[in-house]
Amino acid sequence: MENISLQLDKVYGFVSKETVQSYKSSCEAAQKMLEDGNGKGADFLGWLHLPSCISEEFLDDVLATAKSLHDRCDVVVVAGIGGSYLGAKAVIDALNNSFSWLKRDVRKNPTILFAGHNISEDYLSELTEYLQEKQFGIINISKSGTTTETALAFRLLKTLLVNMVGKEEACRRIVAITDARRGALRTLANQEGYKTYVIPDSVGGRYSVLTPVGLLPIAVAGYDIKALVAGAVEMEKQCATGFDTNLSMQYAAARQALYASGKKIEILANYHPKLHYVSEWWKQLYGESEGKENKGLFPASVDLTTDLHSMGQWIQQGERIIFETVVSIASPNGKMVVPTDEQNLDGLNYLAGKRVDEVNKMAELGTQIAHVDGGVPNIKVVLPKLNEYYLGEMMYFFEKACGISGYVMGINPFDQPGVEDYKRNMFALLEKPGYEEQSAAIRKRL
Ligand code: PA5
């Protein structure tokens with residue numbers, strides 16, 4: 001079977017191949033540190049060999065839970081934030097029919113909605129209003145079990161569900177995914193008797209898509225989690241080899257060479273709107289992993305060709321501190337041919353008979369050449385098709401490259417100390433018990 005591939009040739013006009021290759025030894029050293037578990041954040045390396053450690057029995061258990069939710073629910077709300085929702089959202093959106101939410105009659109699987117990733121009263125009240133007419137269930141995901149956004153949404157959703165179907169049935173429709181022992185969600189789940197899954201201590205949120213955090217929602221949505229894992233297993237093997245055959249090391253090396261040459265922003269681009277959340281997942285992975293100690297490429301994203309009509313100008317001629325990484329899909333799943341029009345008033349007959357994807361691919365190629373001419377180095381990650389298997393390959397590839405890249409930069413890619421600052425201020429402003437001193441201090445600054 002084909003694999004995803006990486007194209008770096010449009011980088012070499014900006015940093016030479018030799019310069020990229022000069023990162024070979026630091027990338028191989030980073031890989032060794034990951035394997036030996038003696039680098040920074042070594043307690044969080046559970047993702048490294050996760051794909052090959054996932055058993056068939058475990059996947060069958062996830063599928064059985066998915067079936068039970070499937071049988072009881074029209075809608076399943078996934079409550080989680082950051083790494084506790086982005087992986088599932090990325091895969092489900094990438095695989096879903098773009099209009100599946102409108103195709104009620106033919107839908108075989110529950111609709112997956114997300115909550116707990118914002119504190120918007122409008123969002124939550126509108127969601128509640130919608131759910132009042134639905135048979136719904138909840139997958140509540142929080143590794144710490146204490147994240148305010150998620151806990152608040154869960155309290156609201158659980159209250160609604162219990163009011164609608166009673167405590168016993170609600171309990172059958174709620175699954176909690178959290179730490180094995182710690183956190184309020186674990187206490188609550190144990191007390192209420194929810195079905196639970198454990199997020200391993202050694203797997204951080206943004207590396208958790210192949211744990212039940214990602215697998216259960218993806219399975220409920222009706223997608224093939226065994227193929228997703230199989231793709232990741234394949235990449236785990238491929239990305240354990242030496243530099244010359246290891247895509248994750250080569251991508252990490254190109255990023256670091258470009259960063260050292262003065263590029264400060266990496267833009268992930270796609271040419272299919274259903275990949276929007278793949279970019280959001282990638283942004284969290286790289287942003288939270290690398291943005292520390294006053295270092296790190298800023299991960300940004302665009303959906304093309306849509307954003308060529310908004311951000312295209314900046315990319316083409318703005319400050320030359322960016323490079324672009326395109327996630328390209330070799331063959332689309334749909335098929336549409338441009339029809340001939342006798343009158344040709346729109347002047348499009350020169351496209352007649354061509355696949356829409358050919359037009360899209362020429363836009364992709366034309367944009368690549370224009371951006372390279374405009375001073376934007378271009379990396380391409382090619383997926384042969386958009387399916388579970390290649391998404392599994394791609395996600396593991398990006399995770400492994402992120403770990404390597406972080407170690408090459410000399411930072412800990414597995415912690416996120418900066419995320420705590422806003423929480424401290426929010427708790428102080430909300431006068432959470434235990435924050436009395438901070439409350440007084442912050443109020444003086446208002
Ligand atoms: O990657 C991470 O660790 C974070 O983004 C977390 O996933 C996010 O903060 C949610 O945390 P939790 O799962 O503890 O609610």
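Lys 226 and Glu 56 join their side chains in a salt bridge, 2.9 Å from N to O; the term means a side-chain nitrogen of Lys or Arg within 4 Å of a carboxyl oxygen of Asp or Glu. This pair ties together distant parts of the chain, with Lys 226 in helix 10 (residues 225–238) and Glu 56 in helix 4 (residues 56–72), 170 residues apart. Helices here are DSSP runs of H or I with at least four residues, strands are runs of E with at least two, and both are numbered from the N terminus.

The model is predicted, so local features need pLDDT of at least 70 and side-chain atom pairs 80 or more, while totals for chains, interfaces and linings use all residues. Residues are numbered from 1 along each chain as its sequence is written, and side-chain values use heavy atoms, leaving out hydrogens and water.

By this rule, the count is 28 salt bridges. Here are three of them:

| Pair | N to O distance |
|---|---|
| Lys 226 and Glu 56 | 2.9 Å |
| Asp 71 and Lys 67 | 2.7 Å |
| Glu 358 and Lys 354 | 3.7 Å |

Salt bridges that share partners also join Arg 72, Glu 168, Glu 169, Arg 172 and Arg 173 into one network.

Back in helix 4, Asp 71 and Lys 67 sit four residues apart, so about one helical turn separates them. Asp 71 counts as exposed at 52% relative accessibility, and Lys 67 as partly exposed at 49%. The cut-offs for relative accessible area are under 20% for buried and over 50% for exposed, with partly exposed in between (1.4 Å probe, protein chains only). Across the protein, buried residues make up 50% of the 446.
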